[in-house]
Amino acid sequence: MKLHLVLSRVLALAAAILWVGPYWWMLITSFKTLPELLESPLSPWPATLTFSAYREVWLSVPMARYLANTALMALQIALLQIALALPAGFALAKLHFVGKKIAFGLVLVCLLVPAQVTFVPVFLFLGQVGLVNTMAGLVLPFGASALGTFLVRQALLSVPDELIEAARLDGASDAYIVYVLLAPILRPTLAALFLLSFVFHWNDYFWPLVMTTDDRIRTIPLAIALLREQGTGVRWHLVMAGNVILSAPILVVFALTQKHLIRAVTAKGL
Amino acid sequence: MKPAHRAEPYWMLAPTLALLGLFFLYPLFVATKQSLYSWDLLTPAKYVGFANYQVLWERGELWRAFRNTLVYSSVVVAGSMTFGLAFALALDRPGKVAGFVRSAVFSAYVVSWVAVALLFMWLLDSEMGLLSRLVAFLGLPKKNWLGDPDIAIYTLAVVSVWKITGYAMIVFLAGLQDIPPVLHEAASLDGAGALVRFSRITWPLLRPSASFVGTTSLIISFQAFDVVRIMTQGGPVHATELFVYAIYEQIFMNLRVGRASALVVVFSALILGLTALQLRVWRGRGTA
């Protein structure tokens, strides 16, 4: 066999070991019991397939509420972003009006500003209006997406004006045109936007860490990170069970929508 | 097109612009103003001019945050691009096995930083961790991966490379797919070996993908926070204090809004500078 083919097999094998291995270890650890973990932390297979770590995690913290909080937050953000990006993108792509360039410029500037830059003033401001530890405080700052607005605008540029004019002649309202006529045409873009946004905010640790101290509004990444901080000591099987609970939904979404996600991430065909 | 009503475009844009303005633009002005005040969130704010910047500079905190971030980002960008390119080349072929490995590598980019950080803390656990035991088994010197100030930042960087290599790989794979196979076939017929084909065909045509990945992952790594907060809390002795973590520490641990804001102002300028660089690189790819 030629050298470069050998090399590429070796690389593929290395990638498989280095990337599948840690996941495997996470799963195996989560199926162990504490005595087993202390006795033989390196055994590559649990003595018995036990879900005791999951039960313990589930009973020690309100995991169901954390999952519900996280899903609700990510869903609200993703839907709100789509609902707002559609009319805004429509106006920027299709309508002539005074101040259009300025409006588009503002959207582009916001594309460059990450939450890691704005969190100090936003945290103080939301504190003053009493939105710390509320769902609104978690959702509102991300309600409008500069990226989403930009992507919807780009996608609408290739939709012919005649379609919209014909609908207007039929007496369609603006809301009808945007949400009923154009939204289905933009489905690939909107699906990509939804996926990116949902996955990002499900995983997000930073903003819930800044905005919440209250158990009732806590999201799952925070809760799992706390599992370790709260003195679990050597009880890594619990932390890994939490890790599986945190990552499994995202890995399922990933498995089901891999093509869309990859297209969204590589910014191809949007 | 003419709007149906004169007000139509404005109400369509209003919610988006209001939220973006309130949560992205206005905070930049507020931070700039607050960076000139001394405020502990309890007593009234006091105007201090540029004292916050001066203190941060003289104590070396500003330089430390910048240097740490630069070291971390350099390793992350170089590492993830190298592995990403190597894996893209090795896995750019049909078949279930290659597809599975591609998905495994990319999935790390999709799962939470929290999960990845905790998983590696377990693997690196000094007593029972798989990697620590492996190092001992191979007879290599025992290292305190997260507790040694000379090593910790590189540990964080390597974990981050594991996390985002899939991103680089996916972009490189997309780039590889745009290269017409006929180029390689023609070169092969002319007797060009794999190395020559890579340096004369593949790499020149992948350059745009490389600059895209490079600038994007540079900006991503400059904003790193989760991995620091979970794995080291900026320690030991501030050795892993990256920029965003330094800001977080100033406001939530030291209750110094003014100093946090001064760091925000400098950090924003850095991010904007990097983005300007990114746009230049991207524009360059259109004309080159």
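This is a predicted model: local features need pLDDT of at least 70, side-chain atom pairs count only at pLDDT 80 or more; totals for chains, interfaces and linings use all residues.

Residues are numbered from 1 along each chain as its sequence is written, and chains are lettered from A and ligands numbered from 1 in the order in which they are written.

Let us begin with chain B. How many helices and strands does chain B have? There are twelve helices and two strands; helices (H or I, at least four residues) and strands (E, at least two) are DSSP runs, numbered from the N terminus. Along the sequence, the pattern of chain B reads α-β-β-α-α-α-α-α-α-α-α-α-α-α. Taken along the principal axes, the box filled by the C-alpha atoms of chain B is roughly 75 × 70 × 30 Å.

Of the 288 residues in chain B, 42% count as buried. A residue is buried if 20 or more other C-beta atoms lie within 10 Å of its own, exposed if 12 or fewer, and partly exposed in between, with C-beta atoms placed from the backbone. Two residues are in contact if their C-beta atoms, again placed from the backbone, lie within 7 Å. Among contacts in chain B between residues at least 6 apart in sequence, 71% join residues at least 24 apart.

Phe172(B) belongs to helix H7 of chain B. Is Phe172(B) buried or exposed? Phe172(B) counts as buried because it has 26 C-beta neighbours inside 10 Å. Beyond its neighbours within four places in sequence, Phe172(B) is in contact with Gly84(B), Leu85(B), Ala88(B), Leu206(B) and Ser209(B). By contrast, Ala187(B), in helix H8 (residues 181–189) of chain B, has 16 C-beta neighbours inside 10 Å and therefore counts as partly exposed. The contacts of Ala187(B), leaving aside neighbours within four places in sequence, are with Ala192(B), Arg197(B) and Ile201(B).

I turn now to the contact between the chains. It takes 67 residues from chain B and 70 residues from chain A. Helix H1 (residues 8–34) of chain B supplies the largest share of the side of chain B that touches chain A, namely 16 residues. That side has 54 nonpolar, eight polar and five charged residues. Here Ala, Val, Leu, Ile, Met, Phe, Trp, Tyr, Cys and Pro count as nonpolar, Asp, Glu, Lys and Arg as charged, and the others, Gly among them, as polar.

Two packed helices are described by the angle between their axes and the distance between the axes. Axes are lines fitted to C-alpha atoms, for helices over the stretch in contact, and angles run from 0 to 180 degrees between N-to-C directions. Angles under 35 degrees count as roughly parallel, over 145 as roughly antiparallel, 65 to 115 as roughly perpendicular and the rest as oblique.

Consider helix H14 (residues 236–265) of chain A and helix H5 (residues 113–123) of chain B, whose axes come within 10 Å and cross at roughly 155°. H14(A) and H5(B) are therefore roughly antiparallel to each other. The residues of this contact of H14(A) with H5(B) comprise nine nonpolar, two polar and no charged.

How do matters stand for H1(A) and H5(B)? Their axes are 10 Å apart, and the two helices pack at an angle of about 80°. H1(A) and H5(B) are therefore roughly perpendicular to each other. Pro22(A), Trp25(A), Met26(A) and Thr29(A) of H1(A) make the contact with Leu119(B), Trp122(B) and Leu123(B) of H5(B).

Finally, the core. A nonpolar core is a set of buried Ala, Val, Leu, Ile, Met, Phe, Trp, Tyr and Cys residues joined through C-beta atoms within 7 Å. The largest such core has 161 residues, and those touching the most other members include Val120(A), Leu20(B) and Val114(B). Helix H7 (residues 152–177) of chain B gives the largest share of this core, 15 residues.

Which residues does Val114(B) contact, leaving aside its neighbours within four places in sequence? They are Tyr205(A), Pro221(A), Ile224(A), Ala225(A), Leu246(A), Asp226(B) and Ile230(B). Of these, Pro221(A), Ile224(A) and Ala225(A) are among the buried residues of H13(A). Helix H13 (residues 220–229) of chain A is mostly covered, with eight of its ten residues buried.
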